[in-house]
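Here are my notes on the model, as numbered points. Please read them with the structure open.

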Amino acid sequence: AALAFLKPVSSRIDPSDRDVALSYLARGLEAHQHSVPLWALYLHLFATRNEGNETRHLFQEALRRMGGFCGLLWSMYAEWEKAVPERDSILSAAIAEGKRALDRGEQVSPIV
């Protein structure tokens, strides 16, 4: 699973330390909005503190800002979503976006 190696560590992070890390990552994303590693870490940490619509919106925003297909972020989004119908919808959207990217001649990273 995407970033599975972080789960044992992130579950033990003090909430105030997590908020500091999120603050640093947010500043990094301001300067590097297309950085997959920064988005992946930010989304992972953010999702450990918030499981509602705010996290869902942030995944969608990250995918929009990437400007292309990113299999890792789509995979993380689908893994985060607990409800089966929504997860199926995310995976269908990922497939459609990947196809559009290929049709445009873009390089497509795999869903891991």
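1. Gly68 counts as partly exposed, at 21% relative accessibility. The class covers everything between buried (under 20% relative accessible area) and exposed (over 50%), with a 1.4 Å probe and protein chains only. Gly68 sits in the loop between H4 and H5. Leaving aside neighbours within four places in sequence, Gly68 is in contact with Leu63 and Glu106. Contact here means heavy atoms within 4.5 Å. Glu97 is 29 residues from Gly68 in sequence, yet the two are 8.3 Å apart in space, C-alpha to C-alpha.

2. A word on the source. This is a predicted model, in which local features need pLDDT of at least 70 and side-chain atom pairs count only at pLDDT 80 or more, while totals for chains, interfaces and linings use all residues. Residues are numbered from 1 along each chain as its sequence is written, and side-chain values use heavy atoms, with hydrogens and water left out.

3. The overall fold. The protein has six helices and zero strands. Its elements run α-α-α-α-α-α from the N terminus on. Helices (H or I, at least four residues) and strands (E, at least two) are DSSP runs, numbered from the N terminus. Of the 112 residues in the protein, 38% are buried. Among contacts with a separation of 6 or more, 56% join residues 24 or more positions apart.

4. How do H2 and H3 pack? Helix H2 (residues 15-31) and helix H3 (residues 36-49) pack at an angle of about 145 degrees, and their axes are 10 Å apart. The contact draws on H2 residues including Arg18, Leu22, Leu25 and Leu29, and on H3 residues including Leu38, Tyr42, Leu45 and Arg49. By type, the residues of this contact divide into 11 nonpolar, two polar and three charged. Nonpolar takes in Ala, Val, Leu, Ile, Met, Phe, Trp, Tyr, Cys and Pro; charged takes in Asp, Glu, Lys and Arg; the others, Gly among them, are polar. Axes are lines fitted to C-alpha atoms, for helices over the stretch in contact, and angles run from 0 to 180 degrees between N-to-C directions.

5. Arg18 deserves a look. Arg18 is found in helix H2. Is Arg18 buried or exposed? Arg18 is buried, because its relative accessible area is 12%, and buried means under 20%. Beyond its neighbours within four places in sequence, Arg18 is in contact with Ile13, Leu45, Thr48 and Arg49.

6. H3 itself. Its 14 residues should span 20 Å at 1.5 Å a residue, and the end C-alpha atoms are 20 Å apart, so the two agree. The expected span is 1.5 Å times one less than the number of residues. Buried residues in H3 include Trp39, Leu43, His44 and Phe46. At the start of H3, a side-chain oxygen of Ser35 comes within 3.3 Å of the backbone nitrogen of Leu38.

7. Glu81 is another charged residue to check. Glu81 lies in the loop between helix H5 (71-80) and helix H6 (84-103). Glu81 counts as buried because its relative accessible area is 5%. What does the side chain of Glu81 make a polar contact with? The partner is the side chain of Arg56, at 2.9 Å. A polar contact is a pair of N or O atoms within 3.5 Å; within protein, one must be able to donate a hydrogen and the other to accept it, and residues adjacent in sequence count only if both atoms are side-chain atoms.

8. Last, Gly52. Gly52 is found in the loop between H3 and helix H4 (53-66). Gly52 is partly exposed, with a relative accessible area of 28%.
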